[in-house]
Amino acid sequence: MKNKETRLNIALQKSGRLSEKSFELLSKCGLELAQGKRSLICRSQELPVDVLLLRDDDVPTFVSEGVCDIGIVGQNVLLEETLGTKEGENLETVMELGFSGCRLSIALPKEKEYNSLEDIKGCKLATTYPKILQNFLDKNKINAMAVKMEGSVEIAPSLGLADGICDIVSSGATLEAHGLVEVEKIFQSQAVLVGRKNMSVEKRAILVTILERIKGVRAAAK
Ligand code: ATP
Ligand code: ZN
């Protein structure tokens, strides 16, 4: 009986701020996914690779559970999903990819006076990243509370749900539109290739081929 071919499974964001650059990177590595016809699973003809398209938040779980071998995700999501969990022990950052850069910051209503972190003591901060925020507050010995929200975090202060927020900032335009001012940067993020630590020799060989191609693509872009 013929052995089943070993294929490397890659988890990518289906659509969002990571997906275009992720598809572009794979395509430059010779792994073409048909545009417009992307189903949840795409097979590459050129290398033994299958791509699964997911919500970005599910990428770390799919890799740590072994459904996928590697994935592309923002460091912000990777850290939030793995801080203080067993999941993180199975995972490693294989490569920093240098795209989808953004920062996680604390922002307060512009009328609130801010001089130092002491000023957020006792505040409620709405965030999609309660673990990263709590970790930051604990490290700085600031007693404040993270209130978890799945989205539209920036409206929380004006609705009286929170005193401020902790959210992803890139240009700052969203904050300004909601009367908020960035007061502390707590985490700088970019897209990374995350992998499972215990991969078979066969899978690792496919990964090495992909990593060499990525290095080639990035060297050519310089
Ligand atoms: P999904 O539907 O897959 O759950 P999402 O809405 O949670 O997607 P996106 O807004 O597509 O997520 O952002 C994906 C990642 O892109 C973020 O986690 C972050 O790492 C990065 N990113 C870069 N710039 C920004 C930005 N301006 N706003 C939000 N995320 C950004
Ligand atoms: Zn998401």
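A salt bridge is a side-chain nitrogen of Lys or Arg within 4 Å of a carboxyl oxygen of Asp or Glu. In this predicted model, the count of such pairs between domain 1 and domain 2 is zero.

The two domains themselves are set out by the domain assignment of the chain. Domain 1 is given as residues 8–100 together with 190–221, while domain 2 covers residues 102–189. Taken over C-alpha atoms, the centres of domain 1 and domain 2 are separated by 30 Å.

The meeting of the domains can be described by residues and by area. Eleven residues of domain 1 are in contact with eleven residues of domain 2. Between them, domain 1 and domain 2 bury about 900 Å², with 56% of this area on carbon and sulfur atoms. On the side of domain 1, the residues N76, E80 and L83 supply 63% of the area buried against domain 2, more than any other three residues.

A contact between two helices may be considered next. Two packed helices are described by the angle between their axes and the distance between the axes. Helix α3 spans residues 75–82 and helix α4 spans residues 130–139. Their axes come within 8 Å and cross at roughly 80 degrees. Because angles of 65 to 115 degrees count as roughly perpendicular, α3 is roughly perpendicular to α4. From α3, the contact is made by N76, L79, E80 and E81; from α4, P130, K131 and I132 take part. The residues of this contact divide into three nonpolar, one polar and three charged.

Methods: Residues numbered from 1 in each chain as written. Chains lettered and ligands numbered in written order. Predicted model: local features only at pLDDT ≥ 70, side-chain atom pairs only at ≥ 80, totals over all residues. Heavy atoms only, no water. Axes fitted to C-alpha atoms, helices over the stretch in contact; angles between N-to-C directions. Helix = DSSP H or I, 4+ residues; strand = E, 2+ residues; numbered from the N terminus. Parallel < 35°, antiparallel > 145°, perpendicular 65-115°, else oblique. Contact = heavy atoms within 4.5 Å. Nonpolar A, V, L, I, M, F, W, Y, C, P; charged D, E, K, R; others polar. Domains from an automatic or database assignment. Buried area = accessible area lost by both parts, 1.4 Å probe.
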